[in-house]
Amino acid sequence: MRVIGTAGHVDHGKSTLVRALTGIDPDRLKEEKAREMTIDLGFAHFDLPGVGEVSIIDVPGHRDFIENMLAGIGGIDAVLFVVAADEGIMPQTREHLAILDLLGIPAGVIALTKIDRVTDADWLELVKLDIAETTRGTILENAPLVPVSAKNKTGLDQLQAALRTTLAQIPVRPDRGSPRLSVDRVFSVSGFGTVVTGTVSDGCFTIGQEIELQPGGLRARIRGIQAHGQPRDSAEPGSRAALNLSGIEKRDVARGHLLTLPDRVQPTIRLDVQFRHLPDAPRPLRHNAEVKLFCGAAERMARVRLLNDESLPPGAAGWLQLILTEPMPLLKGDRFILRYPSPGTTIGGGTVIDTAPGKRWRRFRPEVINRLERLAQGDDPDREAFESAQQAMVRTLSGYHRAEPLRLGLSTEALRTRLKMERADFRVFLTRCIDQRVVQVARNGEIALPDHVIQFSATQAGAINRLLNAFSAAPYSPPSYKDSAAIVGEAVLRALIDRGDLVQVSTDVLFDARTFHELAEATRHILDHDGRISVKTLRDQFSTSRKYALALLEYFDQLRLTRRDGDDHVIGSGDWLALLDDDHLTG
(Lines give C-alpha, C1' and ligand atoms only; values in the text may rest on other atoms or scores of the structure.)
Protein backbone atom coordinates (compact mmCIF):
# COMPACT_ATOMS: atom_id res chain seq x y z
CA MET A 1 0.00 0.00 0.00
CA ARG A 2 1.19 3.52 -0.80
CA VAL A 3 0.18 6.75 0.94
CA ILE A 4 0.04 10.16 -0.71
CA GLY A 5 -0.92 13.46 0.85
CA THR A 6 -2.41 16.56 -0.67
CA ALA A 7 -0.93 20.02 -0.15
CA GLY A 8 -1.79 23.48 -1.38
CA HIS A 9 -3.92 26.53 -0.71
CA VAL A 10 -7.47 26.24 0.62
CA ASP A 11 -9.08 27.47 -2.61
CA HIS A 12 -7.05 25.34 -5.00
CA GLY A 13 -9.51 22.43 -5.13
CA LYS A 14 -7.67 19.70 -3.27
CA SER A 15 -10.76 17.94 -1.89
CA THR A 16 -12.60 18.27 -5.21
CA LEU A 17 -9.66 16.64 -6.98
CA VAL A 18 -9.56 13.82 -4.40
CA ARG A 19 -13.28 13.16 -4.98
CA ALA A 20 -12.68 13.04 -8.74
CA LEU A 21 -9.82 10.56 -8.34
CA THR A 22 -11.40 8.26 -5.74
CA GLY A 23 -15.16 8.87 -5.66
CA ILE A 24 -14.81 9.53 -1.91
CA ASP A 25 -15.49 12.86 -0.23
CA PRO A 26 -12.61 13.40 2.23
CA ASP A 27 -14.43 16.24 4.01
CA ARG A 28 -16.27 14.35 6.75
CA LEU A 29 -17.22 17.17 9.17
CA LYS A 30 -20.47 19.16 8.91
CA GLU A 31 -18.54 22.40 9.28
CA GLU A 32 -16.26 21.42 6.40
CA LYS A 33 -19.22 20.83 4.11
CA ALA A 34 -20.91 24.06 5.21
CA ARG A 35 -17.79 26.21 4.74
CA GLU A 36 -16.60 24.22 1.69
CA MET A 37 -13.09 23.97 3.12
CA THR A 38 -11.00 21.26 4.75
CA ILE A 39 -10.54 21.84 8.49
CA ASP A 40 -9.21 18.51 9.72
CA LEU A 41 -7.55 15.53 8.10
CA GLY A 42 -9.64 13.72 5.48
CA PHE A 43 -9.06 10.26 4.07
CA ALA A 44 -9.78 8.48 0.79
CA HIS A 45 -8.39 5.58 -1.22
CA PHE A 46 -8.36 4.06 -4.69
CA ASP A 47 -6.70 1.33 -6.72
CA LEU A 48 -3.99 2.64 -9.01
CA PRO A 49 -3.18 0.22 -11.87
CA GLY A 50 0.42 -0.91 -11.69
CA VAL A 51 0.73 0.22 -8.06
CA GLY A 52 -2.20 -1.29 -6.17
CA GLU A 53 -3.91 0.26 -3.15
CA VAL A 54 -3.25 3.94 -2.59
CA SER A 55 -4.38 5.92 0.45
CA ILE A 56 -4.86 9.66 0.28
CA ILE A 57 -4.59 12.00 3.28
CA ASP A 58 -6.30 15.27 2.42
CA VAL A 59 -4.88 18.00 4.65
CA PRO A 60 -6.25 21.48 5.39
CA GLY A 61 -4.99 24.28 3.17
CA HIS A 62 -6.08 27.29 5.24
CA ARG A 63 -3.36 28.89 7.37
CA ASP A 64 -5.60 28.68 10.47
CA PHE A 65 -5.44 24.88 10.25
CA ILE A 66 -1.77 24.40 9.32
CA GLU A 67 -1.17 22.44 12.53
CA ASN A 68 -3.85 19.93 11.52
CA MET A 69 -2.01 19.64 8.21
CA LEU A 70 1.21 18.77 10.08
CA ALA A 71 -0.55 15.91 11.91
CA GLY A 72 -1.13 14.04 8.64
CA ILE A 73 1.64 14.90 6.24
CA GLY A 74 4.68 13.30 7.89
CA GLY A 75 4.08 9.64 7.02
CA ILE A 76 3.38 9.92 3.29
CA ASP A 77 5.28 8.37 0.38
CA ALA A 78 4.62 11.24 -2.01
CA VAL A 79 2.71 14.51 -2.23
CA LEU A 80 -0.02 15.58 -4.62
CA PHE A 81 0.81 19.28 -4.71
CA VAL A 82 -2.22 21.25 -5.87
CA VAL A 83 -2.02 24.70 -7.49
CA ALA A 84 -5.07 26.39 -9.02
CA ALA A 85 -4.46 27.60 -12.58
CA ASP A 86 -6.58 30.72 -12.08
CA GLU A 87 -4.75 31.82 -8.91
CA GLY A 88 -1.21 30.44 -9.01
CA ILE A 89 1.17 30.15 -6.08
CA MET A 90 -0.19 31.60 -2.81
CA PRO A 91 1.65 32.33 0.47
CA GLN A 92 0.08 29.25 2.09
CA THR A 93 1.26 27.15 -0.86
CA ARG A 94 4.83 28.23 -0.16
CA GLU A 95 4.53 27.28 3.51
CA HIS A 96 3.21 23.84 2.58
CA LEU A 97 6.14 23.37 0.19
CA ALA A 98 8.65 24.40 2.86
CA ILE A 99 7.15 21.89 5.30
CA LEU A 100 7.30 19.08 2.73
CA ASP A 101 10.92 19.91 2.02
CA LEU A 102 11.87 19.99 5.71
CA LEU A 103 10.16 16.62 6.31
CA GLY A 104 12.07 15.05 3.44
CA ILE A 105 9.01 13.77 1.59
CA PRO A 106 10.57 11.62 -1.19
CA ALA A 107 8.76 12.97 -4.26
CA GLY A 108 5.53 14.34 -5.65
CA VAL A 109 3.32 15.33 -8.55
CA ILE A 110 2.05 18.87 -9.19
CA ALA A 111 -1.61 19.08 -10.19
CA LEU A 112 -2.50 22.33 -11.95
CA THR A 113 -6.22 22.37 -11.13
CA LYS A 114 -9.20 24.38 -12.41
CA ILE A 115 -7.65 24.46 -15.86
CA ASP A 116 -11.17 24.89 -17.27
CA ARG A 117 -11.29 28.41 -15.78
CA VAL A 118 -8.26 29.71 -17.70
CA THR A 119 -8.51 30.80 -21.34
CA ASP A 120 -5.53 33.17 -21.37
CA ALA A 121 -2.47 31.20 -22.56
CA ASP A 122 -0.06 33.92 -21.39
CA TRP A 123 -1.47 33.79 -17.85
CA LEU A 124 -1.16 30.00 -17.80
CA GLU A 125 2.46 30.25 -18.89
CA LEU A 126 3.17 32.78 -16.11
CA VAL A 127 1.65 30.41 -13.54
CA LYS A 128 3.83 27.54 -14.78
CA LEU A 129 6.95 29.73 -14.62
CA ASP A 130 6.05 30.79 -11.07
CA ILE A 131 5.64 27.14 -10.05
CA ALA A 132 9.03 26.27 -11.57
CA GLU A 133 10.68 29.18 -9.73
CA THR A 134 9.00 28.36 -6.40
CA THR A 135 9.90 24.65 -6.49
CA ARG A 136 13.53 25.18 -7.57
CA GLY A 137 15.87 23.59 -5.04
CA THR A 138 13.06 21.66 -3.34
CA ILE A 139 11.81 18.08 -3.54
CA LEU A 140 9.39 19.15 -6.29
CA GLU A 141 12.00 20.75 -8.56
CA ASN A 142 11.71 18.00 -11.17
CA ALA A 143 8.17 16.86 -10.33
CA PRO A 144 5.78 16.29 -13.26
CA LEU A 145 3.17 19.02 -13.71
CA VAL A 146 -0.26 17.83 -14.91
CA PRO A 147 -3.09 20.24 -15.89
CA VAL A 148 -6.45 18.88 -14.69
CA SER A 149 -10.07 19.85 -14.35
CA ALA A 150 -12.04 17.97 -11.71
CA LYS A 151 -15.18 19.66 -13.02
CA ASN A 152 -14.74 18.44 -16.62
CA LYS A 153 -12.89 15.21 -15.66
CA THR A 154 -10.00 16.14 -17.95
CA GLY A 155 -6.39 15.27 -17.21
CA LEU A 156 -7.27 12.63 -14.58
CA ASP A 157 -5.80 9.76 -16.61
CA GLN A 158 -2.58 11.73 -17.10
CA LEU A 159 -2.51 12.52 -13.36
CA GLN A 160 -2.87 8.85 -12.47
CA ALA A 161 -0.09 7.98 -14.90
CA ALA A 162 2.21 10.57 -13.28
CA LEU A 163 1.38 9.25 -9.80
CA ARG A 164 2.02 5.69 -10.98
CA THR A 165 5.46 6.60 -12.37
CA THR A 166 6.40 8.60 -9.28
CA LEU A 167 5.32 5.96 -6.75
CA ALA A 168 7.08 3.19 -8.70
CA GLN A 169 10.39 4.99 -8.17
CA ILE A 170 10.05 5.26 -4.38
CA PRO A 171 11.51 2.33 -2.37
CA VAL A 172 9.13 0.23 -0.30
CA ARG A 173 9.12 1.13 3.38
CA PRO A 174 11.55 -1.14 5.31
CA ASP A 175 10.40 -3.60 7.95
CA ARG A 176 12.74 -3.07 10.92
CA GLY A 177 10.70 -5.33 13.20
CA SER A 178 9.67 -2.47 15.48
CA PRO A 179 6.33 -1.10 14.25
CA ARG A 180 5.10 2.39 15.11
CA LEU A 181 1.84 4.18 14.44
CA SER A 182 1.35 7.86 15.26
CA VAL A 183 -2.37 8.22 16.01
CA ASP A 184 -4.09 10.82 13.84
CA ARG A 185 -7.66 9.82 14.67
CA VAL A 186 -9.39 7.96 17.53
CA PHE A 187 -13.03 6.95 17.89
CA SER A 188 -15.30 4.25 19.32
CA VAL A 189 -17.37 1.70 17.44
CA SER A 190 -20.37 0.22 19.21
CA GLY A 191 -19.69 -3.40 20.12
CA PHE A 192 -15.99 -3.14 19.27
CA GLY A 193 -14.57 -0.39 21.44
CA THR A 194 -11.62 1.88 20.74
CA VAL A 195 -10.30 2.33 17.19
CA VAL A 196 -7.22 4.34 16.19
CA THR A 197 -5.93 5.20 12.73
CA GLY A 198 -2.54 6.20 11.39
CA THR A 199 0.26 5.28 9.02
CA VAL A 200 2.41 2.30 10.02
CA SER A 201 6.19 2.57 9.94
CA ASP A 202 9.21 0.42 10.81
CA GLY A 203 7.39 -2.92 11.08
CA CYS A 204 4.11 -4.88 11.01
CA PHE A 205 1.22 -4.91 13.45
CA THR A 206 -0.74 -8.17 13.68
CA ILE A 207 -4.01 -9.25 15.30
CA GLY A 208 -3.54 -10.42 18.89
CA GLN A 209 -0.32 -8.44 19.32
CA GLU A 210 0.23 -6.60 22.59
CA ILE A 211 0.98 -2.91 22.06
CA GLU A 212 2.04 -0.02 24.22
CA LEU A 213 0.69 3.52 24.11
CA GLN A 214 3.22 6.30 24.63
CA PRO A 215 3.47 8.55 26.44
CA GLY A 216 1.92 6.88 29.44
CA GLY A 217 2.91 3.25 28.89
CA LEU A 218 -0.65 1.87 28.83
CA ARG A 219 -0.85 -1.63 27.35
CA ALA A 220 -3.57 -2.96 25.04
CA ARG A 221 -4.03 -5.71 22.48
CA ILE A 222 -4.97 -5.52 18.82
CA ARG A 223 -8.43 -7.04 18.43
CA GLY A 224 -8.79 -6.30 14.72
CA ILE A 225 -7.19 -4.50 11.78
CA GLN A 226 -8.82 -2.79 8.81
CA ALA A 227 -7.44 -1.04 5.76
CA HIS A 228 -9.74 0.75 3.32
CA GLY A 229 -12.74 -0.67 5.16
CA GLN A 230 -11.63 -4.30 4.74
CA PRO A 231 -10.43 -6.64 7.52
CA ARG A 232 -6.74 -7.56 7.42
CA ASP A 233 -4.54 -9.95 9.36
CA SER A 234 -1.71 -7.43 9.54
CA ALA A 235 -0.74 -3.82 8.81
CA GLU A 236 2.45 -3.50 6.80
CA PRO A 237 5.05 -0.69 6.89
CA GLY A 238 3.84 2.32 4.93
CA SER A 239 0.16 1.35 5.06
CA ARG A 240 -2.79 3.31 6.41
CA ALA A 241 -4.57 1.19 9.00
CA ALA A 242 -7.34 1.25 11.57
CA LEU A 243 -6.53 -0.79 14.69
CA ASN A 244 -9.31 -1.98 17.02
CA LEU A 245 -7.79 -2.06 20.52
CA SER A 246 -9.05 -4.01 23.50
CA GLY A 247 -8.15 -3.23 27.09
CA ILE A 248 -8.04 0.53 26.60
CA GLU A 249 -10.67 3.27 26.63
CA LYS A 250 -11.19 5.98 24.00
CA ARG A 251 -10.52 8.64 26.63
CA ASP A 252 -7.03 7.20 27.14
CA VAL A 253 -5.96 7.87 23.53
CA ALA A 254 -5.51 11.15 21.68
CA ARG A 255 -4.07 12.41 18.41
CA GLY A 256 -0.30 12.33 18.67
CA HIS A 257 -0.07 9.25 20.89
CA LEU A 258 2.33 6.62 19.57
CA LEU A 259 1.50 2.91 19.34
CA THR A 260 4.51 0.61 19.52
CA LEU A 261 5.49 -2.79 20.80
CA PRO A 262 6.10 -2.80 24.56
CA ASP A 263 9.39 -1.32 25.81
CA ARG A 264 10.54 -0.15 22.36
CA VAL A 265 10.18 3.64 22.56
CA GLN A 266 10.61 5.80 25.64
CA PRO A 267 9.23 9.35 25.85
CA THR A 268 11.72 12.15 26.36
CA ILE A 269 11.61 15.78 27.47
CA ARG A 270 15.12 16.57 26.17
CA LEU A 271 16.50 15.94 22.69
CA ASP A 272 19.35 17.04 20.46
CA VAL A 273 18.49 17.98 16.89
CA GLN A 274 19.99 19.20 13.64
CA PHE A 275 17.97 22.22 12.57
CA ARG A 276 17.49 24.18 9.34
CA HIS A 277 16.09 27.70 9.66
CA LEU A 278 13.85 28.73 6.75
CA PRO A 279 15.18 31.65 4.66
CA ASP A 280 11.89 33.51 4.99
CA ALA A 281 11.57 33.03 8.76
CA PRO A 282 10.44 36.33 10.34
CA ARG A 283 13.47 36.84 12.63
CA PRO A 284 16.64 35.18 13.93
CA LEU A 285 16.06 32.22 16.23
CA ARG A 286 17.27 33.17 19.69
CA HIS A 287 18.45 31.10 22.61
CA ASN A 288 15.62 30.14 24.99
CA ALA A 289 12.93 30.96 22.40
CA GLU A 290 9.55 29.30 22.93
CA VAL A 291 8.45 27.13 19.98
CA LYS A 292 6.02 24.38 19.05
CA LEU A 293 7.55 21.06 18.06
CA PHE A 294 5.67 18.84 15.59
CA CYS A 295 6.64 15.24 14.87
CA GLY A 296 4.36 12.54 13.48
CA ALA A 297 0.87 13.54 14.58
CA ALA A 298 2.10 14.95 17.91
CA GLU A 299 2.93 18.47 19.05
CA ARG A 300 4.59 19.86 22.17
CA MET A 301 5.69 23.22 23.49
CA ALA A 302 9.45 23.48 23.84
CA ARG A 303 12.32 25.81 24.68
CA VAL A 304 15.24 26.18 22.28
CA ARG A 305 18.85 25.94 23.48
CA LEU A 306 21.29 27.09 20.78
CA LEU A 307 24.40 24.98 21.34
CA ASN A 308 26.89 26.73 19.06
CA ASP A 309 25.36 30.11 18.13
CA GLU A 310 24.38 33.34 19.85
CA SER A 311 21.40 33.44 17.47
CA LEU A 312 20.55 31.62 14.25
CA PRO A 313 19.67 33.84 11.27
CA PRO A 314 17.05 32.84 8.68
CA GLY A 315 18.51 30.43 6.14
CA ALA A 316 21.18 29.09 8.51
CA ALA A 317 21.57 25.63 10.03
CA GLY A 318 22.60 24.74 13.56
CA TRP A 319 22.58 22.36 16.51
CA LEU A 320 19.80 22.72 19.05
CA GLN A 321 18.82 21.07 22.29
CA LEU A 322 15.05 21.19 22.77
CA ILE A 323 13.55 21.08 26.27
CA LEU A 324 9.93 19.91 26.07
CA THR A 325 7.17 20.82 28.51
CA GLU A 326 5.73 17.26 28.30
CA PRO A 327 7.27 13.91 27.34
CA MET A 328 7.17 12.93 23.67
CA PRO A 329 8.00 9.49 22.18
CA LEU A 330 10.68 9.94 19.50
CA LEU A 331 13.48 8.01 17.83
CA LYS A 332 16.75 9.07 16.29
CA GLY A 333 16.19 10.03 12.65
CA ASP A 334 12.64 11.31 13.11
CA ARG A 335 11.86 14.46 11.12
CA PHE A 336 10.29 17.43 12.88
CA ILE A 337 8.92 20.93 12.30
CA LEU A 338 9.25 24.00 14.55
CA ARG A 339 6.75 26.87 14.61
CA TYR A 340 6.39 30.02 16.64
CA PRO A 341 3.21 29.69 18.72
CA SER A 342 1.95 33.27 18.27
CA PRO A 343 1.48 34.37 15.64
CA GLY A 344 1.62 30.84 14.26
CA THR A 345 4.55 30.70 11.82
CA THR A 346 6.61 27.80 10.47
CA ILE A 347 10.28 28.65 11.05
CA GLY A 348 12.13 25.46 10.14
CA GLY A 349 12.71 21.82 10.94
CA GLY A 350 15.21 19.04 10.82
CA THR A 351 16.22 15.66 12.18
CA VAL A 352 16.30 14.19 15.69
CA ILE A 353 19.90 13.21 16.52
CA ASP A 354 19.65 12.00 20.12
CA THR A 355 16.52 11.37 22.21
CA ALA A 356 18.43 10.71 25.44
CA PRO A 357 21.35 13.14 25.72
CA GLY A 358 21.31 12.60 29.47
CA LYS A 359 21.92 16.22 30.45
CA ARG A 360 21.66 19.84 29.40
CA TRP A 361 24.77 20.51 27.36
CA ARG A 362 26.86 23.53 28.13
CA ARG A 363 26.89 25.90 25.17
CA PHE A 364 29.83 26.57 22.84
CA ARG A 365 31.60 23.31 23.71
CA PRO A 366 33.57 21.78 20.78
CA GLU A 367 33.30 18.28 22.27
CA VAL A 368 29.49 18.54 22.33
CA ILE A 369 29.33 19.65 18.68
CA ASN A 370 31.80 16.92 17.68
CA ARG A 371 29.60 14.33 19.39
CA LEU A 372 26.49 15.55 17.55
CA GLU A 373 28.30 15.56 14.21
CA ARG A 374 29.42 11.97 14.73
CA LEU A 375 25.89 10.92 15.72
CA ALA A 376 24.48 12.62 12.62
CA GLN A 377 26.95 10.70 10.44
CA GLY A 378 25.87 7.38 11.98
CA ASP A 379 28.78 6.96 14.39
CA ASP A 380 28.09 6.34 18.06
CA PRO A 381 30.58 8.21 20.25
CA ASP A 382 29.13 6.43 23.32
CA ARG A 383 29.65 2.89 21.95
CA GLU A 384 32.53 2.05 24.26
CA ALA A 385 30.48 3.08 27.31
CA PHE A 386 27.50 1.13 25.98
CA GLU A 387 29.52 -2.05 25.49
CA SER A 388 30.99 -1.72 28.97
CA ALA A 389 27.50 -1.36 30.48
CA GLN A 390 26.28 -4.26 28.36
CA GLN A 391 29.05 -6.53 29.65
CA ALA A 392 28.23 -5.51 33.22
CA MET A 393 24.59 -6.39 32.65
CA VAL A 394 25.45 -9.82 31.23
CA ARG A 395 27.71 -10.52 34.23
CA THR A 396 24.97 -9.39 36.63
CA LEU A 397 22.32 -11.61 35.04
CA SER A 398 24.68 -14.59 34.75
CA GLY A 399 25.41 -14.35 38.45
CA TYR A 400 21.74 -14.01 39.30
CA HIS A 401 20.78 -17.04 37.19
CA ARG A 402 23.42 -19.14 38.96
CA ALA A 403 22.23 -17.98 42.38
CA GLU A 404 18.51 -18.22 41.59
CA PRO A 405 18.11 -20.98 38.95
CA LEU A 406 14.36 -21.27 39.64
CA ARG A 407 13.60 -17.60 38.91
CA LEU A 408 12.92 -16.32 35.39
CA GLY A 409 15.01 -13.18 35.81
CA LEU A 410 15.52 -9.84 37.53
CA SER A 411 12.95 -7.08 37.62
CA THR A 412 13.90 -4.03 35.56
CA GLU A 413 14.18 -1.87 38.67
CA ALA A 414 16.40 -4.40 40.49
CA LEU A 415 18.62 -4.67 37.41
CA ARG A 416 18.84 -0.86 37.09
CA THR A 417 19.80 -0.55 40.76
CA ARG A 418 22.54 -3.16 40.45
CA LEU A 419 23.95 -1.40 37.39
CA LYS A 420 23.75 2.00 39.17
CA MET A 421 22.16 3.75 36.18
CA GLU A 422 19.75 6.68 36.07
CA ARG A 423 16.20 5.71 35.09
CA ALA A 424 16.11 7.68 31.82
CA ASP A 425 19.48 6.33 30.68
CA PHE A 426 18.58 2.79 31.73
CA ARG A 427 15.33 2.76 29.70
CA VAL A 428 17.20 3.67 26.52
CA PHE A 429 20.04 1.25 27.30
CA LEU A 430 17.67 -1.65 28.03
CA THR A 431 15.66 -1.04 24.85
CA ARG A 432 18.85 -1.26 22.76
CA CYS A 433 19.90 -4.46 24.53
CA ILE A 434 16.49 -6.04 23.90
CA ASP A 435 16.55 -5.00 20.22
CA GLN A 436 20.02 -6.52 19.83
CA ARG A 437 18.87 -9.75 21.53
CA VAL A 438 21.46 -9.34 24.30
CA VAL A 439 18.70 -9.95 26.83
CA GLN A 440 15.07 -11.04 26.67
CA VAL A 441 11.89 -10.07 28.50
CA ALA A 442 10.48 -13.06 30.37
CA ARG A 443 6.73 -13.72 30.40
CA ASN A 444 6.38 -12.08 33.81
CA GLY A 445 8.19 -8.94 32.60
CA GLU A 446 11.53 -9.72 34.20
CA ILE A 447 14.84 -9.48 32.32
CA ALA A 448 16.89 -12.59 31.57
CA LEU A 449 19.67 -13.80 29.32
CA PRO A 450 18.31 -15.30 26.07
CA ASP A 451 19.45 -18.85 26.84
CA HIS A 452 18.13 -18.95 30.40
CA VAL A 453 15.42 -21.50 31.19
CA ILE A 454 14.27 -22.87 34.51
CA GLN A 455 15.47 -26.44 34.97
CA PHE A 456 14.39 -28.76 37.78
CA SER A 457 16.36 -31.56 39.40
CA ALA A 458 15.09 -35.14 39.25
CA THR A 459 13.86 -34.87 42.84
CA GLN A 460 12.06 -31.60 42.11
CA ALA A 461 10.54 -33.02 38.91
CA GLY A 462 9.12 -35.96 40.88
CA ALA A 463 7.55 -33.62 43.43
CA ILE A 464 6.10 -31.49 40.60
CA ASN A 465 4.45 -34.56 39.05
CA ARG A 466 2.83 -35.42 42.41
CA LEU A 467 1.54 -31.86 42.74
CA LEU A 468 0.14 -31.69 39.20
CA ASN A 469 -1.55 -35.04 39.68
CA ALA A 470 -3.23 -33.62 42.79
CA PHE A 471 -4.46 -30.66 40.70
CA SER A 472 -5.75 -33.04 38.01
CA ALA A 473 -7.61 -35.12 40.59
CA ALA A 474 -9.55 -32.10 41.87
CA PRO A 475 -9.25 -29.41 39.16
CA TYR A 476 -11.97 -27.11 40.54
CA SER A 477 -11.02 -27.57 44.23
CA PRO A 478 -7.24 -27.98 43.96
CA PRO A 479 -4.61 -27.89 46.71
CA SER A 480 -4.06 -24.55 48.43
CA TYR A 481 -0.88 -22.52 48.11
CA LYS A 482 0.25 -23.74 51.52
CA ASP A 483 -0.44 -27.39 50.71
CA SER A 484 1.26 -27.04 47.30
CA ALA A 485 4.36 -25.50 48.87
CA ALA A 486 4.49 -28.40 51.31
CA ILE A 487 4.67 -30.84 48.36
CA VAL A 488 7.25 -29.12 46.12
CA GLY A 489 8.80 -26.37 48.27
CA GLU A 490 8.27 -22.60 48.11
CA ALA A 491 10.96 -21.92 45.48
CA VAL A 492 9.71 -24.58 43.06
CA LEU A 493 6.10 -23.45 43.52
CA ARG A 494 7.05 -19.84 42.68
CA ALA A 495 8.86 -21.12 39.58
CA LEU A 496 5.75 -23.01 38.43
CA ILE A 497 3.70 -19.83 38.85
CA ASP A 498 6.30 -17.71 37.03
CA ARG A 499 6.42 -20.19 34.14
CA GLY A 500 2.63 -20.20 33.87
CA ASP A 501 2.09 -23.86 34.80
CA LEU A 502 -0.05 -22.65 37.70
CA VAL A 503 -2.12 -19.46 37.98
CA GLN A 504 -2.37 -17.79 41.38
CA VAL A 505 -5.70 -15.96 41.69
CA SER A 506 -5.46 -15.10 45.40
CA THR A 507 -3.11 -15.51 48.33
CA ASP A 508 -4.19 -19.11 48.84
CA VAL A 509 -5.99 -20.19 45.63
CA LEU A 510 -4.23 -21.68 42.62
CA PHE A 511 -5.45 -23.39 39.44
CA ASP A 512 -3.50 -25.30 36.84
CA ALA A 513 -3.28 -23.43 33.53
CA ARG A 514 -5.74 -25.61 31.59
CA THR A 515 -8.40 -25.45 34.31
CA PHE A 516 -7.98 -21.71 34.66
CA HIS A 517 -8.44 -21.34 30.90
CA GLU A 518 -11.62 -23.44 31.09
CA LEU A 519 -12.98 -21.36 33.96
CA ALA A 520 -12.13 -18.11 32.19
CA GLU A 521 -13.84 -19.18 28.97
CA ALA A 522 -16.92 -20.30 30.89
CA THR A 523 -17.09 -17.00 32.78
CA ARG A 524 -16.83 -15.00 29.55
CA HIS A 525 -19.50 -17.19 27.92
CA ILE A 526 -21.92 -16.60 30.81
CA LEU A 527 -21.24 -12.86 30.68
CA ASP A 528 -21.87 -12.78 26.93
CA HIS A 529 -25.12 -14.73 27.32
CA ASP A 530 -26.57 -13.32 30.56
CA GLY A 531 -24.73 -10.02 30.95
CA ARG A 532 -23.74 -10.90 34.54
CA ILE A 533 -22.43 -13.73 36.69
CA SER A 534 -22.61 -14.54 40.39
CA VAL A 535 -20.40 -16.55 42.72
CA LYS A 536 -23.27 -19.04 43.10
CA THR A 537 -23.59 -19.50 39.30
CA LEU A 538 -19.89 -20.28 38.91
CA ARG A 539 -19.83 -22.45 42.05
CA ASP A 540 -22.78 -24.57 40.91
CA GLN A 541 -21.62 -24.98 37.30
CA PHE A 542 -18.27 -26.44 38.37
CA SER A 543 -19.36 -28.13 41.59
CA THR A 544 -16.75 -26.21 43.54
CA SER A 545 -16.91 -24.23 46.76
CA ARG A 546 -17.63 -20.54 47.33
CA LYS A 547 -13.96 -20.05 48.27
CA TYR A 548 -12.72 -20.91 44.78
CA ALA A 549 -15.52 -19.20 42.84
CA LEU A 550 -15.17 -15.97 44.83
CA ALA A 551 -11.36 -15.90 44.48
CA LEU A 552 -11.65 -16.35 40.72
CA LEU A 553 -14.21 -13.57 40.21
CA GLU A 554 -12.30 -11.17 42.44
CA TYR A 555 -9.19 -11.94 40.37
CA PHE A 556 -11.10 -11.02 37.21
CA ASP A 557 -12.18 -7.80 38.96
CA GLN A 558 -8.53 -6.95 39.62
CA LEU A 559 -7.77 -7.40 35.92
CA ARG A 560 -10.77 -5.16 35.05
CA LEU A 561 -12.24 -8.07 33.07
CA THR A 562 -15.26 -7.85 35.36
CA ARG A 563 -16.54 -5.35 37.89
CA ARG A 564 -18.75 -5.76 40.94
CA ASP A 565 -22.43 -4.82 40.53
CA GLY A 566 -24.24 -5.62 43.77
CA ASP A 567 -23.95 -9.36 44.39
CA ASP A 568 -23.10 -10.00 40.74
CA HIS A 569 -20.17 -9.26 38.45
CA VAL A 570 -20.61 -7.67 35.02
CA ILE A 571 -18.19 -7.34 32.12
CA GLY A 572 -15.48 -4.72 32.61
CA SER A 573 -13.11 -2.80 30.35
CA GLY A 574 -10.22 -5.26 30.47
CA ASP A 575 -8.86 -7.38 27.63
CA TRP A 576 -10.46 -10.85 27.65
CA LEU A 577 -8.80 -11.61 24.29
CA ALA A 578 -5.36 -11.11 25.82
CA LEU A 579 -6.19 -13.41 28.73
CA LEU A 580 -7.72 -16.18 26.64
CA ASP A 581 -5.00 -16.02 23.97
CA ASP A 582 -2.11 -16.07 26.42
CA ASP A 583 0.03 -19.16 25.72
CA HIS A 584 0.42 -20.11 29.38
CA LEU A 585 -3.32 -20.64 29.76
CA THR A 586 -3.23 -23.69 27.53
CA GLY A 587 -0.28 -25.20 29.33
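## Close-up views of a predicted model

**View 1. The lining of the largest cavity divides into 8 nonpolar residues, 1 polar residue and no charged residue.** Ala, Val, Leu, Ile, Met, Phe, Trp, Tyr, Cys and Pro count as nonpolar; Asp, Glu, Lys and Arg count as charged; the others, Gly among them, count as polar. This is a predicted model, in which local features need pLDDT of at least 70 and side-chain atom pairs count only at pLDDT 80 or more, while totals for chains, interfaces and linings use all residues. Residues are numbered from 1 along each chain as its sequence is written, and side-chain values use heavy atoms, with hydrogens and water left out. The structure holds 1 cavity of 30 Å³ or more. A cavity is a set of points, on a 1 Å grid over the protein atoms alone, where a 1.4 Å probe fits but cannot get out; lining residues have an atom within 4 Å of a point. About 40 Å³ of space lies in the largest cavity, the volume being the space filled by probe spheres set on the points, which are joined across faces, edges and corners. Its lining is Tyr476, Phe511, Leu519, Leu538, Phe542, Thr544, Tyr548, Ala549 and Leu552. Helix 16 gives the largest share, 3 residues.

**View 2. Three strands make an open antiparallel sheet in the order 29-31-30.** Strand 29 (533-534) and strand 30 (562-565) are the edges; each has a single partner strand, so one side of each lacks a neighbour in the sheet. Helices (H or I, at least four residues) and strands (E, at least two) are DSSP runs, numbered from the N terminus. Two strands pair if DSSP finds at least two bridges between them. Strand 30 and strand 31 (residues 568-571) pair over 4 bridges. There, Arg564 stands opposite His569 of strand 31.

**View 3. Strand 11 (residues 210-214) is mostly covered, with 4 of its 5 residues buried.** Buried means under 20% relative accessible area, exposed over 50%, and partly exposed in between (1.4 Å probe, protein chains only). Strand 11 pairs antiparallel with strand 12 (residues 218-227) over 4 bridges. Glu212 has Arg219 as its bridge partner in strand 12. The two strands form a hairpin with 3 residues between them; Gly216 in the turn has a positive phi of about 120°. Strand 16 (residues 258-260) joins strand 11 through 3 antiparallel bridges. Here Leu213 stands opposite Leu259.

Technical notes
1 Å grid on protein atoms, 1.4 Å probe; cavity = no way out; pocket = protein on both sides within 12 Å on 5 of 7 lines; lining within 4 Å.
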